[in-house]
Every structure is written in structure tokens, then in C-alpha cells.
Amino acid sequence: MIKAVNKLILEINNTENDYFEKAVFYIRPEKASDNKLSSSAQEYIKTVSKGAISTPKTKSSVIPTIIISIAAALFSATATAFVILL
């Protein structure tokens with residue numbers, strides 16, 4: 001099946017980011033004539049780029065996660081044993 005699609009596409013090749021080589025935006029037809037289109041796309045890329053580099057978790061954030069996981073496993077094992085024994 002062939003479908004004819006008329007989409008407005010904005011492609012940014014210079015994202016000024018180490019991770020992203022190119023960005024492609026599909027423009028809403030009602031916003032196609034907006035003068036701020038290119039600057040808005042660049043601003044969006046900068047916003048998204050800030051979240052591209054994840055910071056490593058510190059011990060203080062990993063330890064509670066491990067404790068909660070162990071507690072959940074113990075609870076599940078206890079509940080399973082209780083159900084089996086009944």
C-alpha cells in the first residue's frame with residue numbers, strides 16, 4: 001500500500017553536541033510559517049542535550065536501592081513459602 005504524505009520536515013545537521021549528529025523535526029502544518037521555527041528547534045536540542053549525559057550514581061543512592069530490592073525478595077520468598085505451606 002502506498003500512502004501519499006505531505007509532511008514538513010526540518011533537519012538540523014549541526015547540533016553542536018558530541019552525542020547527536022543530526023536532528024529531524026516533523027513540523028505541524030499550522031506552525032510551518034512561524035519565524036521562530038529554527039530557533040525553537042535549536043533550543044529544544046539544547047534542552048534535550050543537557051539530559052544526554054547521565055551522571056553516575058553515588059553510593060548513597062545505590063545502597064537504598066539494594067536494601068529495598070533485598071527486602072522485596074525476602075518478602076516474596078516468605079509469602080511464597082506461606083502459601084505453599086497452607
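## Overall fold

Of the contacts in the protein chain between residues at least 6 apart in sequence, 33% join residues at least 24 apart. A contact here means heavy atoms within 4.5 Å. The protein chain has two helices and two strands. Read from the N terminus, the order is β-β-α-α. These elements are DSSP runs numbered from the N terminus: helices are H or I with at least four residues, strands are E with at least two.

The protein chain has 86 residues, and 12% of them are buried. Buried means under 20% relative accessible area, exposed means over 50%, and partly exposed lies in between (1.4 Å probe, protein chains only). The accessible surface comes to about 8000 Å², with 61% belonging to carbon and sulfur atoms. Areas come from the Shrake-Rupley method with a 1.4 Å probe; for residues, only the protein chains shown count as cover.

## Model and confidence

This is a predicted model, in which local features need pLDDT of at least 70, side-chain atom pairs count only at pLDDT 80 or more, and totals for chains, interfaces and linings use all residues. Residues are numbered from 1 along each chain as its sequence is written, and side-chain values use heavy atoms, with hydrogens and water left out.

The pLDDT score is the predictor's confidence in each residue, from 0 to 100. Its mean over the protein chain is 78, and 80% of the residues reach 70 or more. Confidence is highest in strand β2 (residues 23–27), at 86, and lowest in α1, at a mean of 79. Where pLDDT is low, the predicted coordinates should not be read in detail.

## The strand pair

Strands β1 (residues 8–12) and β2 run antiparallel and are joined by five bridges. Two strands pair if DSSP finds at least two bridges between them. Leucine 10 has phenylalanine 25 in β2 as its bridge partner.

In a regular strand the side chains alternate between the two faces of the sheet. On β2, Ala23, Phe25 and Ile27 make up the covered face. Val24 and Tyr26 make up the uncovered one.

## One salt bridge

The structure holds one salt bridge. The term means a side-chain nitrogen of Lys or Arg within 4 Å of a carboxyl oxygen of Asp or Glu. Glutamate 11 pairs with lysine 22, and their closest N and O atoms are 3.9 Å apart. Glutamate 11 lies in strand β1 and lysine 22 in the loop between β1 and β2, so the pair ties together parts 11 residues apart in sequence.

Both ends are partly exposed: glutamate 11 has a relative accessible area of 43%, and lysine 22 is at 46%.

Glutamine 42 sits in helix α1 (residues 37–50). Its relative accessibility is 26%, so glutamine 42 counts as partly exposed. Leaving out residues up to four places away in sequence, glutamine 42 touches Ile12 and Asn14. Glutamine 42 and isoleucine 12 are 30 residues apart in sequence, and their C-alpha atoms are 8.2 Å apart.

Tyrosine 44 is also in helix α1. At 49% relative accessibility, tyrosine 44 is partly exposed. Tyr44 forms a nonpolar surface patch with Tyr19, Phe20 and Val48, and their accessible area together is about 410 Å². Patches take residues with over 30% relative accessible area and no salt bridge; like charges are joined within 9 Å, and nonpolar side chains (Val, Leu, Ile, Met, Phe, Trp, Tyr) within 5 Å.
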